[in-house]
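Visitor: I'm new to this one, so please walk me through it a feature at a time.

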Amino acid sequence: MQAWRVHRNGEPGEVMRLEEADRPVPGEGHVALRVRAANVNFPDALLCRGQYQIRPPLPFTPGVEVCGTTDDGRRVLATPSLPYGGFAEYVVADRAALLPAPDSLDDAEAAALHIGYQTGWFGLHRRARLQPGETLLVHAAAGGVGSAAVQLGKAAGAVVIGVVGGPEKAAVARRLGCDLVVDRREEDIVAAVKEATGGRGADVVYDPVGGDAYAKSVKCVAFEGRIVVVGFASGSIPAPALSHALVKNYSVVGLHWGLYAAKDPAAVRACHGELTELAARGIVKPLVSERVEMAGAAQAVQRVADGASTGRIVVLPTGGAR
């Protein structure tokens with residue numbers, strides 16, 4: 001089969017190589033899948049760089065989520081078992097963790113409904129307890145993770161403020177349904193949020209960026225607000241000032257979706273049921289900005305690493321339209 005493999009750590013566009021490789025053989029409790037679509041995530045770039053919390057042995061294939069087909073023809077969502085990641089024609093995955101692909105979504109959209117939307121749902125509902133009418137501030141609102149949070153926030157009845165970088169991404173955020181879009185390159189995030197909320201600030205902040213985004217968030221979070229730390233796409237991990245959290249009476253909560261998959265798989269399945277229903281009703285729909293063939297996977301991962309993409313880029317290993 002064809003697979004993209006990483007033999008040394010570095011930037012995705014430099015270290016990912018398309019090669020002929022043996023098909024992975026499923027062990028006990030695992031199943032082989034033919035990959036129909038593999039979604040590109042920021043962790044794929046971190047895997048290439050050797051900066052992810054999991055460091056598979058070299059060489060490995062990146063790609064942390066796929067829509068695939070089982071031997072008996074079922075269309076499913078899966079997180080492939082590393083080092084045999086999703087940018088390949090075949091993967092193996094934990095049989096118990098397979099989720100049915102929603103009938104309302106094509107392969108590329110289905111692949112994109114998995115980790116990003118699960119992370120958004122758990123972050124907003126389990127960790128932040130977002131309530132209807134509250135104000136939700138989403139950083140990187142036009143990206144893969146942010147766009148999911150925007151849609152889920154609107155579905156929960158929140159007023160959503162999206163922060164983006166540049167006019168193209170601002171237009172995407174507006175189409176996603178943001179009530180207010182703030183271009184961080186041209187506007188003062190803190191002033192804009194305070195003006196939009198009558199000085200109160202955002203009740204919930206969804207932050208997959210870290211760095212300066214977090215620094216701005218603590219200046220415009222509301223009384224009893226909740227800042228959900230999802231990731232550090234900026235490359236800068238902030239050190240929260242606990243005295244500031246005490247004085248302003250806000251919470252900083254972490255969200256690591258993988259722990260739910262490991263410690264509470266029933267909650268993951270229940271969440272998938274809710275997401276499937278939202279997708280069937282047209283309330284959420286993954287924003288797939290690009291569908292690329294197998295040969296374009298390395299550059300797709302590099303664009304995500306560079307923050308040059310919107311929504312999700314999805315790799316189609318068989319070159320199909322889905």
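Guide: Let's start with Asp-179, which is partly exposed at a relative accessible area of 46%. On this scale buried means under 20% relative accessible area, exposed over 50%, and partly exposed in between (1.4 Å probe, protein chains only). Keep in mind that this is a predicted model, where local features need pLDDT of at least 70, side-chain atom pairs count only at pLDDT 80 or more, and totals for chains, interfaces and linings use all residues. Residues are numbered from 1 along each chain as its sequence is written, and side-chain values use heavy atoms, with hydrogens and water left out.

Visitor: Which side chain does Asp-179 meet in a salt bridge?

Guide: A salt bridge is a side-chain nitrogen of Lys or Arg within 4 Å of a carboxyl oxygen of Asp or Glu. Here the partner is Lys-154, with 2.9 Å from N to O. Lys-154 counts as partly exposed too, at 33% relative accessibility. Lys-154 sits in helix α5 (residues 144-155) and Asp-179 in the loop between α6 (167-176) and β10 (180-183), so this pair ties together parts 25 residues apart in sequence. Those names come from DSSP runs numbered from the N terminus: helices are H or I with at least four residues, strands are E with at least two.

Visitor: How many salt bridges does a search of the whole structure find?

Guide: It finds 14. One of them joins Asp-72 and Arg-74, whose closest N and O atoms are 3.3 Å apart. Asp-72 is exposed at 57%, whereas Arg-74 is partly exposed at 41%. Another links Asp-212 and Lys-216, at 2.7 Å from N to O. That pair is four residues apart in helix α8 (residues 212-217), about one helical turn. As a general idea, an α-helix has 3.6 residues a turn, so residues three or four places apart point the same way. There is also a network of salt bridges linking Arg-5, Arg-17 and Glu-19.

Visitor: How many of the residues of helix α4 are buried?

Guide: For α4 (residues 115-127), 10 of the 13 are, so this helix is largely enclosed by the rest of the structure. Among them are Ile-115, Tyr-117, Trp-121, Phe-122 and Leu-124. Just after α4, Arg-129 takes a positive phi of about 55°.

Visitor: At roughly what angle do the axes of α4 and helix α11 cross?

Guide: Axes are lines fitted to C-alpha atoms, for helices over the stretch in contact, and angles run from 0 to 180 degrees between N-to-C directions. The axes of α4 and α11 (residues 265-280) come within 10 Å and cross at roughly 100°. Under 35 degrees counts as roughly parallel, over 145 as roughly antiparallel, 65 to 115 as roughly perpendicular and the rest as oblique, and α4 and α11 are therefore roughly perpendicular. On the α4 side, Tyr-117, Gln-118, Trp-121, Phe-122 and Arg-126 meet α11 residues including Ala-267, Val-268 and Cys-271; contact means heavy atoms within 4.5 Å. By class, this contact has seven nonpolar, two polar and two charged residues. Ala, Val, Leu, Ile, Met, Phe, Trp, Tyr, Cys and Pro count as nonpolar, Asp, Glu, Lys and Arg as charged, and the others, Gly among them, as polar.

Visitor: Which residues have the most contacts inside the largest nonpolar core?

Guide: In soluble globular proteins, nonpolar side chains tend to be buried together. A nonpolar core is a set of buried Ala, Val, Leu, Ile, Met, Phe, Trp, Tyr and Cys residues joined through side-chain atoms within 4.5 Å. The largest one here has 85 residues, and Met-16, Phe-122 and Leu-136 have the most contacts inside it. Leaving out residues up to four places away in sequence, Phe-122 touches Leu-255, Trp-257, Tyr-260 and Cys-271, among others. Apart from that core lies another, of 17 residues, including Leu-137 and Val-182.

Visitor: And His-114: where is it found?

Guide: His-114 is in the loop between α3 (107-112) and α4. At 4% relative accessibility, His-114 is buried. Its contacts, not counting residues up to four places away in sequence, include Glu-65, Leu-77 and Trp-257. Thr-70 is another loop residue, between β4 (66-69) and β5 (75-78), and it is buried at 6%.
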